[in-house]
Protein chains: 2
Amino acid sequence: MKHDFPARTRNRQSYHHGDLKRALMDAAELELAAKGFEGFSLRGVAKRADVSHGAPAHHFTDVSGLLTAIAARGYERFIAAQNRRESQAGDGPRAKLVASGLGYIDFAIENPSLFRLMFSSGRPDKSNLELTQGADAAFEKLVGHIRAITHSDPHTDAPAMTDVFAAWAVAHGLADLLIANGLSRATFLKPMSASERDEFFSEIILRAVPAIRDEP
Amino acid sequence: MKHDFPARTRNRQSYHHGDLKRALMDAAELELAAKGFEGFSLRGVAKRADVSHGAPAHHFTDVSGLLTAIAARGYERFIAAQNRRESQAGDGPRAKLVASGLGYIDFAIENPSLFRLMFSSGRPDKSNLELTQGADAAFEKLVGHIRAITHSDPHTDAPAMTDVFAAWAVAHGLADLLIANGLSRATFLKPMSASERDEFFSEIILRAVPAIRDEP
DNA sequence: CCGTTAAAATAGACAGTGTCTAGATTATCG
DNA sequence: CGATAATCTAGACACTGTCTATTTTAACGG
């Protein structure tokens with residue numbers, strides 16, 4: 001016998017958790033937001049879920065597996081953030097594109113560590129199906145906006161695909177610079193209110209897809 | 001007596017290294033390039049420099065100090081990469097701006113981990129003087145390009161500062177997406193040669209600063 | 001309902017990490 | 001030449017991720 005004292009040192013009704021997988025993902029998001037991307041620890045996640053340090057392995061294999069799951073779920077919120085902005089936006093396809101970009105930036109500001117995990121780290125397993133599905137969905141959303149503006153399919157029309165990447169690069173660049181605090185260089189001109197900031201970003205996003213490409 | 005065997009187990013002439021600080025920085029860049037940003041280890045750097053694991057602390061305090069120094073030195077190469085492109089470019093200020101952006105991207109592709117360290121990680125100490133000087137120099141370089149195009153000073157003229165951030169965001173977004181492999185979505189249309197890729201990026205960068213803003 | 005089997009969760013061990021500290025070695029300079 | 005400071009070493013500590021044996025519980029076929 002290895003353990004000569006009761007194993008149940010944790011305050012939980014049953015030995016089995018019931019829904020540990022989800023609980024671990026919730027705990028992992030908290031850990032990520034609290035400790036940041038660098039200080040993230042698998043054992044810290046286990047502590048948050050009030051579970052032994054080895055428990056996560058059974059559901060996620062290793063830390064990369066957990067982070068992959070977190071990143072995949074992140075795409076849902078990522079798309080939700082864009083939808084939120086789009087529903088508040090005006091009608092035209094350009095307005096929708098701009099709103100989508102603002103949602104992109106919203107998401108980065110609200111979840112900087114998760115954003116970095118998803119877009120700027122090699123940690124999630126990019127061959128994971130759920131992850132690639134999330135990324136594909138986000139990409140196709142953007143593709144749809146450009147199609148609505150240009151009336152041509154980016155998947156077969158190279159100039160339209162250029163528009164896709166121009167818009168993506170601008171939104172991504174703004175978001176990444178923002179959470180790296182690079183924009184503090186801009187606001188020293190004058191501190192911006194929320195609506196001023198939206199206006200500032202909107203103009204920059206609009207430049208990515210020149211009006212000349214609009215189809216009536 | 002604590003050490004009962006000769007302390008000099010390393011194949012070096014003298015106990016003192018001579019130029020350990022520089023040697024550690026070189027080793028750290030190798031380690032960063034080899035193990036990537038995640039797998040970077042201070043002890044691994046010490047091994048590369050053939051020095052005890054505690055030696056780096058004397059020159060850099062801790063791992064953050066070493067990474068800060070690496071990031072600061074990274075700006076020199078970052079600016080050099082831009083200068084290389086600018087010297088090959090045509091005359092006009094727009095051509096110089098585009099070249100600078102292509103250099104931005106070159107740097108990211110050639111040093112992806114270093115790029116991430118500099119722009120997308122909280123690890124370097126941003127209050128460090130040499131680091132902020134490097135970042136400022138890079139920023140002022142861009143400011144100069146926009147000033148040459150618009151003939152107005154971004155530091156006092158808000159529209160010109162908007163141009164600065166538009167150009168910065170586009171270049172940064174393209175670079176960051178590239179090293180995250182996001183561009184693989186574009187090249188499935190057709191694989192691009194180096195010059196085609198330059199053309200592709202150039203067009204996108206140009207959109208950031210509309211021609212209407214040119215001053216003769 | 002019971003016994004067997006699979007799943008879920010535990011705690012211990014191991015190598016590796018960053019940082020701290022005491023000690024050993026050497027350069028520097030009055 | 002001798003004192004002092006700088007440099008480097010090696011051991012310790014707490015922490016990390018992963019592996020393994022073990023315990024507890026759920027699920028399910030008879």
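**Figure 1. Packing of helices α5 and α6 in chain B of the predicted model.** In this predicted model, helix α5 (residues 93-110) of chain B packs against helix α6 (residues 112-119) of chain B at an angle of about 115°, and their axes are 5 Å apart. The two helices, α5(B) and α6(B), are therefore roughly perpendicular to each other. On the side of α5(B), the contact is made by Y104(B), F107(B), A108(B), I109(B) and E110(B). Helix α6(B) contributes P112(B), L114(B), F115(B), M118(B) and F119(B). Sorted by class, the contact of α5(B) with α6(B) has nine nonpolar residues, no polar residues and one charged residue.

**Figure 2. Packing of helices α4 and α5 in chain A.** Helix α4 (residues 63-88) of chain A and α5(A) have axes 7 Å apart and pack at an angle of about 135°. The helices α4(A) and α5(A) are therefore oblique to each other. The crossing in which α4(A) passes α5(A) is right-handed. From α4(A), the residues in contact are G74(A), R77(A), F78(A), A81(A), Q82(A), R84(A), R85(A) and E86(A). Their counterparts on α5(A) are K96(A), A99(A), S100(A), L102(A), G103(A), Y104(A), D106(A), F107(A) and E110(A). The contact of α4(A) with α5(A) comprises six nonpolar, four polar and seven charged residues.

**Figure 3. Crossing of helices α5 and α10 in chain A.** The axes of helix α5 (residues 93-110) and helix α10 (residues 194-207), both of chain A, come within 10 Å and cross at roughly 120°. This angle makes α5(A) oblique to α10(A). Helix α5(A) passes α10(A) in a right-handed crossing. The residues of α5(A) that make the contact are R94(A), V98(A), G101(A), L102(A), I105(A), D106(A) and I109(A). Those of α10(A) are R197(A), D198(A), F201(A), S202(A), I205(A) and L206(A). By class, seven nonpolar, two polar and four charged residues form the contact of α5(A) with α10(A).

**Figure 4. Helices and extent of chain A.** Chain A holds 10 helices and zero strands. Along the sequence, the chain follows the pattern α-α-α-α-α-α-α-α-α-α. The C-alpha trace of chain A spans about 75 × 45 × 30 Å along its principal axes.

**Figure 5. Interface between chain B and chain A.** Chain B and chain A each give 44 residues to the contact. Between them the two chains bury about 3500 Å², of which 67% lies on carbon and sulfur atoms. Within the area that chain B buries against chain A, 21% is supplied by F165(B), R185(B) and R207(B), more than by any other three residues. Of the interface residues of chain B, 100% are also interface residues in chain A, so the copies meet through the same surface.

**Figure 6. Relation of the two copies about an axis.**

Technical notes:
Residues numbered from 1 in each chain as written. Chains lettered and ligands numbered in written order. Predicted model: local features only at pLDDT ≥ 70, side-chain atom pairs only at ≥ 80, totals over all residues. Heavy atoms only, no water. Contact = heavy atoms within 4.5 Å. Axes fitted to C-alpha atoms, helices over the stretch in contact; angles between N-to-C directions. Helix = DSSP H or I, 4+ residues; strand = E, 2+ residues; numbered from the N terminus. Parallel < 35°, antiparallel > 145°, perpendicular 65-115°, else oblique. Left-handed = near helix turned anticlockwise from the far one by under 90°. Nonpolar A, V, L, I, M, F, W, Y, C, P; charged D, E, K, R; others polar. Buried area = accessible area lost by both parts, 1.4 Å probe.
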